[in-house]
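Trainee: I would like to go through a ligand site and a metal site step by step. Can we take them in turn?

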Amino acid sequence: MIISMVPKATKEQIEHVCEKIKSFGYTAHPIYGEERVVIGAIGDGKDKDHVISVMESVPGVESVIPILQPFKLVGRELKKDKTIIKIDGFTIGGDQFVVMAGPCSVEYREQILTTAERVKAAGAKVLRGGAYKPRTSPYDFQGLEEEGLKLLAEAREKTGLKIITEIITPENIELVNDYTDIFQVGARNMQNFALLKKLGKVKKPVMLKRGMMSTLKEFLMSAEYIVSQGNSQVVLCERGIRTFETYTRNTLDISAVPALQQLSHLPVIVDPSHGTGKRSLIAPVSKAAVAVGADGLIVEVHPNPEEAYSDGQQSLLPDEFEELMKGVKKYLAVEGKSL
Ligand code: PEP
Ligand code: MN
């Protein structure tokens, strides 16, 4: 349920409401807005109707209403304002459009350093690169693991870019946390609940990719797993879903972007690389992402896509990425956003 406090509620009144909620078996999630504090009472607590009527009479409480959607904390019902994630030097979810770019996999030093320099020069804020790769085949390249993380950190050192890299098991969170700025949860792990719960305890942003067969509701419930454990810094990523179409690798669900933004306050970014699987479709789809109000992009870039260990067919050359960014900038101007 949503407990809205009166605009001038005191700190003591807010604390008292939180205690009271806990005594009924719910957890309290206060959200400090500009005008008032709103407290989410979440969980499987005692008889809701009774609790609502009790809470309505507690001093400082203005109104109490139930949350109808199953995704309580990530939904717009509880929190109307968009979540803006602050990362040293830029924000995700505000007026800035954040572009993350880099190779599918970190392969070797020269590859990641060259890519980092080029994507930075073109306007990217975050360097992507997988060090742990969840490959469909066990015989395919599985990633450089910690060696890859070290190379990413070196690229950050040289360029000032932040790093995003994929985490595939809960056991590796501490290690990856020593290197990364943003955790990436891939499509295949969107419902790895043990992983999500543990990421709910870290103090860094998590970019959660939509599972290839997931509905928006399932996607938001996965985000809810992370937020309910205490980490509210979640970015949603639409990366295409499985349909009967085989021409493209996945079917990018462009309407998911505004739909997710209507349902949730979390930022939403688009992955046109996995969403299409085709280099030639990345630029047009990226423009569409800007037009529907996405908060950013994650794009695969490789200095030599032909020789890439993974996803070469959907990776842009650095020059192509530069062109893409020029095109995106024009559309951002229309939307009143900037890089
Ligand atoms: C990736 O970003 O390289 C990746 C594996 O993406 P997804 O999880 O969306 O398939
Ligand atoms: Mn990839």
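Mentor: The questions below concern two ligands in a predicted model.

Trainee: Which side chain has an N or O atom 2.6 Å from an oxygen atom of ligand 1?

Mentor: Ligand 1 is surrounded by residues that include Q184, R239 and H274. The side chain of Q184 has an N or O atom 2.9 Å from a ligand oxygen, and a polar side-chain atom of H274 lies 3.2 Å from an oxygen of ligand 1. The distance of 2.6 Å belongs to R239.

Trainee: How much of the area that ligand 1 exposes when taken alone does the protein bury?

Mentor: The space that ligand 1 takes is the second largest pocket. Polar contacts to ligand 1 include the one from H274, at 3.2 Å. Taken alone, ligand 1 exposes 290 Å², and the share of this buried by the protein is 97%.

Trainee: Why does the pair C104 and H274 tie together parts that are apart in sequence, and how many residues apart are they?

Mentor: The manganese ion (ligand 2) is coordinated by C104, H274, E300 and D311, at 2.0 to 2.4 Å. C104 lies in the loop between β7 and α3, while H274 is in helix α9, so the pair joins parts whose separation in sequence is 170 residues.

Methods: Residues are numbered from 1 along each chain as its sequence is written. Chains are lettered from A and ligands numbered from 1 in the order in which they are written. This is a predicted model: local features need pLDDT of at least 70, side-chain atom pairs count only at pLDDT 80 or more; totals for chains, interfaces and linings use all residues. Side-chain values use heavy atoms; hydrogens and water are left out. A residue is near a molecule or strand if one of its heavy atoms lies within 4 Å of it. A polar contact is a pair of N or O atoms within 3.5 Å; within protein, one must be able to donate a hydrogen and the other to accept it, and residues adjacent in sequence count only if both atoms are side-chain atoms. Accessible areas come from the Shrake-Rupley method with a 1.4 Å probe; for residues, only the protein chains shown count as cover. On a 1 Å grid over the protein atoms alone, a cavity is a set of points where a 1.4 Å probe fits but cannot get out, and a pocket is an open set with protein on both sides within 12 Å along at least five of seven lines; lining residues have an atom within 4 Å of a point. A molecule sits in a cavity or pocket if more than half of its atoms lie within 2 Å of its grid points. Donors are N, O and S atoms within 2.8 Å of the metal (3.2 Å for Na, K and Ca); water is not among the atoms, so sites may look incomplete. Helices (H or I, at least four residues) and strands (E, at least two) are DSSP runs, numbered from the N terminus.
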